[in-house]
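Here are my notes on the model you sent.

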Amino acid sequence: MRPSTLAVALAMAYPISFQVAAQTAEPAKPTSQAPVKSLGVVTVSSGQPTSLPTHIPTTIEGVTREQIDNTVAAYDSEDALRYFPSLLVRKRYIGDYNHAMLSSRASGTSNSPRSMVFADGIPLSNLLGSGVSTLSYAPRWNMVSPEEIERVDVMYGPFSAAYPGNSVGAVVDYVTRMPKAFQATVKLQHNIQPFSMYNTNETYGGSQGAFTLGSKSGDWSWFLAGSRTDSNGQPLTFTTRTPNSIGSTGQLVANSVAPTNGTVVTGWVADRNVNGLPTYIIGTGTQYHTIQDQTKLKLAYDVTSTMKATYQLALWQNTSEGRPNSYLRNSAGHAVYSGNVVIDGRQYDASLNNNNQSVRGGDFAFNNEQLLHAMHGLSLKTNTQGVWDWELAASLYDYVKDEKRANGTTNTTPAVGGAGTIASGQGSGWNTMALKGIWRPEAAKGAHVVDMGVQLDNGQLKYQVMNASNWISGAPTTLSSQIGGKTQLFSTYAQDTWSFAPQWKSVMGVRAEQWSAFDGRTDFSASSAQSFERREEFYLSPKAAISNQWRDDTVLKASLGRAVRMPTLSELYGATSTTNSQYINDPKLKPEKSWTTELSMEKDTGKGLLRLTFFAEETKDSIYSQQVFDATAGANITRVQNVDRILTKGLELAYSGFDVFTRGLDLWGSITYAESKIVDNTGFVWTAGDTVGKMQPNIPTWRASALANYKVDERWNVAMGARYSGPQFRTLNNADTNPFTYMGVSEYFTTDIRARYKVDKHWTASFAIDNLNNYQYWNFHPYPQRNYTFELKYTH
């Protein structure tokens, strides 16, 4: 690659470094802080290095702190991923701590263990479970505040032997700041969201204050960050009733039975459910008010000029309330939260079937949560760039307190107390240990670089639900349900990067994994319990990649990797989400086994980098929740189950350009086409074969993003972005054909704008509008509507 275009090729992952070099008329030499890219790989020579294996010739995207500040109103660390190609985080409100799942090219938001998230190499991915059952298993985004971020890097696909099979979708690494001199920041943000849906017309939003402090003195450096978020999100769930008179074609017909019992109510809203059938919306549930505090302390000590020890401690606490609101009003105009009712001339009382039952306490659930989580990370690492370098690292994530109190389904006066449950996840968590090495054989004269390592990952799930006479303040009484178990993954890996010719580079690697699950149990009550046998599994996952400098301005890359995604503890033992809970979990679940391929061409356009990638994936025994026939029960039972085979293939086009058309105008954009289908499946939803040939849930055929950032002058910066996602389905049989409703997964097109003004060398003021076009869209829950952010920041 020509020296004058080296920095241009860095644009996708390191835009600031590019901008410095691109302004130089003469051929630019890499500076001490600029990464060098050749043969489609990135090498970071100094600064805060990513934990990703950047020497592998595969797709790695990135964003820097400056780019985040200029383009995104970031309240949560996942906001930094907003415009990455083919990525989506299902964030529903500011501070979303339990449903913000990450999806990628061939992995939807309903299969969260198919992606991994790290902060400075410490795992944030919650691999204790999948989805939102029991504890909820979103990555622990809250352990990193936006003000900490130095940059974010993403590797697409399972092409590094250094990561377990959960990397099949993507690996995200947050690199946080560690200053070399005194630094301090203070940021204040306020958000306003007018929200209108069904019979809800309210204004929600939130505020956040954040600070950072850090410095270096001699061999010691330190960094302290903290934030407080106070957020009121829009309603997330809606209470419904199904009419008792629906015609054969789904039309609402006149009620043939006159109501004889119940309060005549108004305020309900007639709608169509995800299957296109009539339904009544009678109120909202789960409108969260959450107050969260996050604190991070990082310490580093230079043992020698080439060896560094680091320790970090993060604490996150959350106090939240989930509250409902009934739309129903009696003749006096008072809200109705319980009892027999008459809706649209149709009777709903306790003597009728489930679709026509009376309004109960469970329809308008109240819940209070108290959470305190702690994360520790410790590492000792060398950076000699000689024959050997090594790293010893350990981490611990601990659910110090995780308590959720909720009223019972028969409690009709939950606002003042009454019967309920207390759910606790205290004692859950995970810990990791790793010894990694890099060998650069002297005899190879730089042609070979060998990475190797040994890793140990332990997980423990404890989730207990107790009954209580008073859900607000009462002590636990009797056991309602309990699940628990442990997993251990012992892994070794090695991979060799070989520059076997002037224009060629290859990577060959293999990962060996010994997985075990043990101490699994499911207690359905105090008198009914089931324990499960220990499981042991062993797998090998080979990896391969190759790159060729085809032309001075064009690199060709190919990658192939196998990934084995082990079942999580909640999938194996988590049987608490249904009354007939004995059958919802499956302790004999098979691991997911995927082969992923990627072919890419990257072209230096002179002002940027253009990439075209073909990707394909075959997954056998994909883990999903579906309905199957259970011979023991003699009925169709919904439970976690393996889907035999899913095939995905697609194209991804991405571009990043700097000083495009005019000085100061930077552009990023991507468009992705994916065809992801279930091709074999012995399981079914309603009838045998009804899932075969259907689209994989939560994977749209088309998605796209675009972002423009313009530096008007030394004080003003403006940015505008847009995102699109096409139609998709939530169910395995694709029966949810009406996506723009509660429980639907809809297409969307949203636009965002942000303007920053630099008052002086310390102060900046910003204003942003997210979802500028006020698009109303859904991913089971409603996403935020148009909202406004005001921001003031001080930097020293």
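**Notes on the predicted model**

1. S14 and strand S18 (residues 341-343) run parallel to each other and are joined over two bridges; strands pair if DSSP finds at least two bridges between them. Strands here are DSSP runs of E, at least two residues long, numbered from the N terminus. Within this pairing, Val-264 stands opposite Val-342 of S18. The two strands belong to an open sheet of three strands with mixed pairing, in the order S14-S18-S19. Strand S14 (263-264) and strand S19 (346-348) are the edges, each with a single partner strand, so one side of each has no neighbour in the sheet.

2. On sources: this is a predicted model, in which local features need pLDDT of at least 70 and side-chain atom pairs count only at pLDDT 80 or more, while totals for chains, interfaces and linings use all residues. Residues are numbered from 1 along each chain as its sequence is written, and side-chain values use heavy atoms, with hydrogens and water left out.

3. The protein chain has an average pLDDT (the predictor's confidence in each residue, from 0 to 100) of 88, and 89% of the residues score at least 70. Over residues 1-37 the pLDDT stays under 50, and the model has 78 contacts (heavy atoms within 4.5 Å) for them beyond four places in sequence. Residues 627-636 also have pLDDT below 50, with 24 contacts in the model beyond near neighbours in sequence.

4. Strand S40 (residues 787-795) pairs with strand S10 (residues 183-197) in the antiparallel sense over eight bridges. Asn-191 is opposite Thr-789 of S40 in that pairing. S40 also pairs in the antiparallel sense with strand S37 (residues 763-770), over eight bridges. There, Asp-770 has Asn-787 of S40 as its bridge partner.

5. Leaving out residues up to four places away in sequence, Leu-102 touches several residues, including Leu-87, Gly-108 and Val-172.

6. Arg-534 lies over the face of Phe-518, 4.6 Å from the ring centre. Arg-551 has its charged end over the ring of Trp-550, at 4.3 Å from the centre.

Terms used: Helices (H or I, at least four residues) and strands (E, at least two) are DSSP runs, numbered from the N terminus. A charge sits over a ring if NZ of Lys or CZ of Arg is within 6 Å of the ring centre and within 35 degrees of the ring normal.
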